[in-house]
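This report concerns the packing of one protein chain. Please consult the sequence and the coordinates alongside the text.

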Amino acid sequence: IFAVCAVVMLVGAVLVRRGEEGTWLGALNDTRLVLATFLGIRSARDAERVHALAWHGVPAAKGTRAHGRRVAALSYEMLTWWQESLLCVLLGRSPGA
């Protein structure tokens, strides 16, 4: 019943049922598009800036605009990884290959 994709995380796995892959990919893509708009991603350079903010930015105080942007950047990165991982499973490839 469950198969196709098991995205392993630090705390467990996300299981996608056969036949639901398109729904998952669509939801991941739509959410990434909303975050990309919020973060101002319009080019590869913008995406690199967001990546740097997510992984190399100095954590800001909770409740500040800078903190919200960093949370959005980390969420964008996480969703990108999930989407890529699901696509790799569906295409029979290793993530990052």
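The paragraphs below treat the overall fold, the helix contacts and the nonpolar core.

The structure is a predicted model, in which local features need pLDDT of at least 70 and side-chain atom pairs count only at pLDDT 80 or more, while totals for chains, interfaces and linings use all residues. Residues are numbered from 1 along each chain as its sequence is written, and side-chain values use heavy atoms, with hydrogens and water left out.

**Overall fold**

The protein contains three helices and two strands, arranged along the sequence as β-β-α-α-α. Helices (H or I, at least four residues) and strands (E, at least two) are DSSP runs, numbered from the N terminus. Of the 97 residues, 29% are buried, that is, under 20% relative accessible area with a 1.4 Å probe and protein chains only. Among contacts (heavy atoms within 4.5 Å) with a separation of 6 or more, 46% join residues 24 or more positions apart.

**Helix packing**

Two helix pairs are compared in the table. Axes are lines fitted to C-alpha atoms, for helices over the stretch in contact, and angles run from 0 to 180 degrees between N-to-C directions.

| Pair | Angle | Axis separation |
|---|---|---|
| α1 and α3 | about 150 degrees | 9 Å |
| α2 and α3 | about 105 degrees | 8 Å |

Helices α1 and α3 are therefore roughly antiparallel, a term for angles over 145 degrees. Their contact includes W24, L28, L35 and L39 of α1 and A72, Y76, L79 and W82 of α3. By class, this contact comprises 15 nonpolar, five polar and three charged residues. Here Ala, Val, Leu, Ile, Met, Phe, Trp, Tyr, Cys and Pro count as nonpolar, Asp, Glu, Lys and Arg as charged, and the others, Gly among them, as polar.

Helices α2 and α3, by their angle, are therefore roughly perpendicular, which covers 65 to 115 degrees. R49, V50, H51, L53, A54 and W55 of α2 meet R69, R70, A73, L74, Y76 and E77 of α3. This contact has seven nonpolar, one polar and four charged residues.

**Nonpolar core**

In soluble globular proteins, nonpolar side chains tend to be buried together. A nonpolar core is a set of buried Ala, Val, Leu, Ile, Met, Phe, Trp, Tyr and Cys residues joined through side-chain atoms within 4.5 Å. The largest one has 13 residues, and those with the most contacts inside it are L35, L39, I41, V50, Y76, L79 and W82. Two or more residues each come from α1 (21–39), α2 (44–56) and α3 (65–91); α3 gives the largest share, five residues.

Leaving aside residues up to four places away in sequence, L39 touches R49, V50, R69, A72, A73 and Y76. A73, in helix α3, counts as buried because its relative accessibility is 0%. Beyond its neighbours within four places in sequence, A73 is in contact with L39, V50, L53 and A54. The C-alpha atoms of A73 and A36 are separated by 8.6 Å, although these residues are 37 residues apart along the chain.

How values were computed. Buried < 20%, exposed > 50% of the residue type's maximum accessible area, 1.4 Å probe, protein only. Parallel < 35°, antiparallel > 145°, perpendicular 65-115°, else oblique.
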